[in-house]
Amino acid sequence: VMLESEVRKENEDLEAMVCNDLAKIYMESGRFGPSESLFLKAFRTYRGLADKNPAYDERVALVCNNLGELYRQKRDLKMAEKLFAVAYNKCVRLYKKQPGVYAQWLSLMAGNLGVVMLEQGKFDDAELYISTAINLARSIVKSNPFVYELELIRSCNNMAVLLMRRGQYDE
């Protein structure tokens with residue numbers, strides 16, 4: 001028999017997951033208002049759950065990453081950078097505990113943070129994060145090229161864009 005508090009926690013998790021998924025659909029269809037509200041609700045729920053159980057940190061990172069992408073699309077690059085940084089830092093901690101599990105996540109989060117830095121003209125910072133994304137993607141692509149090759153290609157493309165923006169065409 002589940003205790004009422006366990007049922008409530010399970011329902012909170014499920015509700016936050018549905019909010020996150022629905023928010024992504026709204027974001028992809030350009031409905032940023034409802035998307036933002038739902039992402040924020042999912043974020044608050046997961047942050048509260050993570051305060052009691054660190055296993056929810058990965059969900060906080062995921063929602064922060066999604067919120068960062070929403071703000072990037074809305075062209076609020078400062079807020080996007082803050083959220084991508086939170087997601088990245090949470091993933092760094094997760095990666096240190098379980099590198100095999102979180103290498104792909106960290107590569108994705110580093111790449112997203114690098115892109116938003118690039119879009120703001122912060123080229124040195126962008127290079128640091130995009131290089132991190134490339135190195136992580138290279139480390140995991142060998143284990144399953146079919147799954148991870150796209151992440152490596154995306155990261156290399158981001159580096160090419162950075163080099164072009166800097167005028168380093170020979171690199």
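Contact is taken here to mean heavy atoms within 4.5 Å. The structure is a predicted model, in which local features need pLDDT of at least 70 and side-chain atom pairs count only at pLDDT 80 or more, while totals for chains, interfaces and linings use all residues. Residues are numbered from 1 along each chain as its sequence is written, and side-chain values use heavy atoms, with hydrogens and water left out.

Leu163 is located in helix H7; helices (H or I, at least four residues) are DSSP runs numbered from the N terminus. Apart from neighbours within four places in sequence, Leu163 is in contact with Gln168 and Glu171. Its relative accessibility is 15%, so Leu163 counts as buried. Buried means under 20% relative accessible area, exposed means over 50%, and partly exposed lies in between (1.4 Å probe, protein chains only). The C-alpha atoms of Leu163 and Ala16 are 39 Å apart in space, and the two residues are 147 apart in sequence.

In soluble globular proteins, nonpolar side chains tend to be buried together. A nonpolar core is a set of buried Ala, Val, Leu, Ile, Met, Phe, Trp, Tyr and Cys residues joined through side-chain atoms within 4.5 Å. The largest such core in this model has 50 residues, and Tyr46, Leu67, Tyr88 and Leu113 have the most contacts inside it. At least two residues of this core come from each of H1, H2 (32-52), H3 (57-73), H4 (77-97), H5 (99-119), H6 (123-141) and H7 (145-166). H6 gives the most, with nine residues. Not counting residues up to four places away in sequence, Leu67 touches Phe39, Leu40, Phe43 and Leu83.

Aromatic pairs were assigned to rings of Phe, Tyr and Trp (its six-membered ring) with centres within 6.5 Å; planes under 30 degrees apart count as stacked, over 60 as edge-to-face and the rest as tilted. By this rule there are three aromatic pairs. The rings of Tyr46 and Tyr56 are stacked, because their centres are 6.2 Å apart and their planes are at 25 degrees. This pair links distant parts of the chain, with Tyr46 in helix H2 and Tyr56 in the loop between H2 and H3, 10 residues apart. Both Tyr46 and Tyr56 are buried. Tyr102 and Trp105 form an edge-to-face pair, with 5.6 Å between centres and 90 degrees between planes. These two residues are three apart in helix H5, so about one helical turn separates Tyr102 from Trp105. Tyr102 is buried, at 6% relative accessibility, whereas Trp105 is partly exposed, at 24%.

A salt bridge is a side-chain nitrogen of Lys or Arg within 4 Å of a carboxyl oxygen of Asp or Glu. The structure holds 12 salt bridges. In the one between Glu81 and Lys122, the closest N and O atoms are 2.8 Å apart. Glu81 lies in helix H4 and Lys122 in the loop between H5 and H6, so this pair ties together parts 41 residues apart in sequence. Glu81 is buried, with a relative accessible area of 16%, and Lys122 is partly exposed, with 27%. Arg166 and Glu127 also form a salt bridge (2.6 Å, N to O). Since Arg166 lies in helix H7 and Glu127 in helix H6, the pair ties together parts that are 39 residues apart in sequence.
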